[in-house]
Amino acid sequence: MTTLPLPVVPTDTAPGPADLRSVWPATTAERPHGDVLVGGVSLTEIAESHGTPVYVLDEAEVRERCRTYRSAFPEAGIHYAAKAFLCRALARWVEEEGLGLDVCSAGELELAVTTGFPAERILLHGNAKSPQDLALALRLGVGRVVIDTPAEIARIAAAVGTGGHQKVMVRVTPGISAGGHHKIRTGSDDQKFGLSLRDGHAQHAIARILDQPQLELTGLHCHLGSQITDVRPYLVAVRRLVGLMARVRDTHGIALPELDLGGGHGIAYRPGEPALDLTRLAARVRAELAESCAAAGLPVPRLIIEPGRAVAGPAGVAVYRVLAVKRTPGRTFVAVDGGMSDNPRPALYGVRYAPRLIGRHSPAEAERVTVVGRHCEAGDVLAEDVPLPADIHPGDLLAVPVAGAYHLAMASSYNLVGRPPVVAVLDGRARVLVRRETLEDLRVRDIGL
């Protein structure tokens, strides 16, 4: 299994416990008094300097994970899935590491291109692209537009014009159910994404695209879901999509040169949880693709994959301050100054995290507590039934690892609580990437009095 380097422990620190080496960034180290360093920077000092809640993003971890993908799939196109989290600095990091970008809105596209990301290395997808999404993508010259619905074929062709040209792919629903929760399974026929392989919609769309001379069909695209930890669904997808490629060859005389298997690569959020073995995935997919193409008499297409969470997720740490501790007959609640506005995933998907006390060493025994947020919802729970020191009290700091994906990207200003900042760390230095959303920011948008 592919592993990343162990934590770099400065000479004035003591090695952290085993959990720091499993779900925390590889640069994590712990000082004897309980402070935790990421990227050589104290999380306690970041909390004091920038306030809480605050997201800390380890640049070295992001870059190393990009390199790990490039090493595992040297012949493939790797496109970072921007929906996991995108800011200008992150776009620059993945571009410098040789990755492409997968975006699903004009907002993501505009941010990336104005950062300097080459448009030809960007892929636009989405089940309901707005006219603004398509207009900007075509104007900037994105490398691929992934067609998700038949109506897009005529819209894109008309927008390109008779003298224009745009490369496109078709998102195929291969009829595979995979993923960590039913709300993030996107490869089955009963959801909104893609064109079904089973009922012929995908084949019909392909025929229509091939009738549009200004559209160049480069290949097939699929995305099975998220948090997939088993290699087998990807192998089934390869077989089914190569089968469709063979039918396209037989019907239209065209061998499609690209196959995009999407992403959805599962990561561990707590020690001991399974994660997708990237080395095994690469070897098995490569072998299956070669065998399936040989059996069908097809040349092997160029593979494209779209990791998002697996690149950014383990590089992020969220830091909160405890506001209150409430002990009831059945449960102890530890309330922090964030919650579902900066991390809605526990409420949406029931995801579980492993928060830990930072900033001080506690001699107290651990007790099972529920870490909750500050919002007016009973479902505002960040971590349920987790061990924390029994002497935890208001003012303490809690750090939650694996917070780099689908946190700030899905954040809101519920209860008019501003979204947290993002602070990057690298080699003992910290810098703000995204500033905190202030009360002034929230107020100036309200112009209706």
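Contact here means heavy atoms within 4.5 Å. The structure is a predicted model, so local features need pLDDT of at least 70 and side-chain atom pairs count only at pLDDT 80 or more, while totals for chains, interfaces and linings use all residues. Residues are numbered from 1 along each chain as its sequence is written, and side-chain values use heavy atoms, with hydrogens and water left out.

Let's start with helix 5 (residues 131-140) and its partners. Helices (H or I, at least four residues) and strands (E, at least two) are DSSP runs, numbered from the N terminus. The angle between helix 5 and helix 6 (residues 151-160) is about 45°, and their axes lie 11 Å apart. Axes are lines fitted to C-alpha atoms, for helices over the stretch in contact, and angles run from 0 to 180 degrees between N-to-C directions. The two helices are therefore oblique to each other. Angles under 35 degrees count as roughly parallel, over 145 as roughly antiparallel, 65 to 115 as roughly perpendicular and the rest as oblique.

Helix 5 also packs with helix 4 (residues 106-115), at an angle of about 30° and with axes 9 Å apart. That makes helix 4 roughly parallel to helix 5. Helix 4 brings Ala 106, Leu 109, Glu 110 and Val 113 to the contact, and helix 5 brings Gln 132, Asp 133, Leu 136, Ala 137 and Leu 140. This time the tally is six nonpolar, one polar and two charged residues.

What about the inside? Buried means under 20% relative accessible area, exposed over 50%, and partly exposed in between (1.4 Å probe, protein chains only).

The peptide bond from Thr 52 to Pro 53 is cis, with omega near -5°. Leu 416 is not a glycine, yet its phi is positive, about 55°. Leu 416 is exposed, with a relative accessible area of 58%.

Terms used:
Ala, Val, Leu, Ile, Met, Phe, Trp, Tyr, Cys and Pro count as nonpolar, Asp, Glu, Lys and Arg as charged, and the others, Gly among them, as polar.
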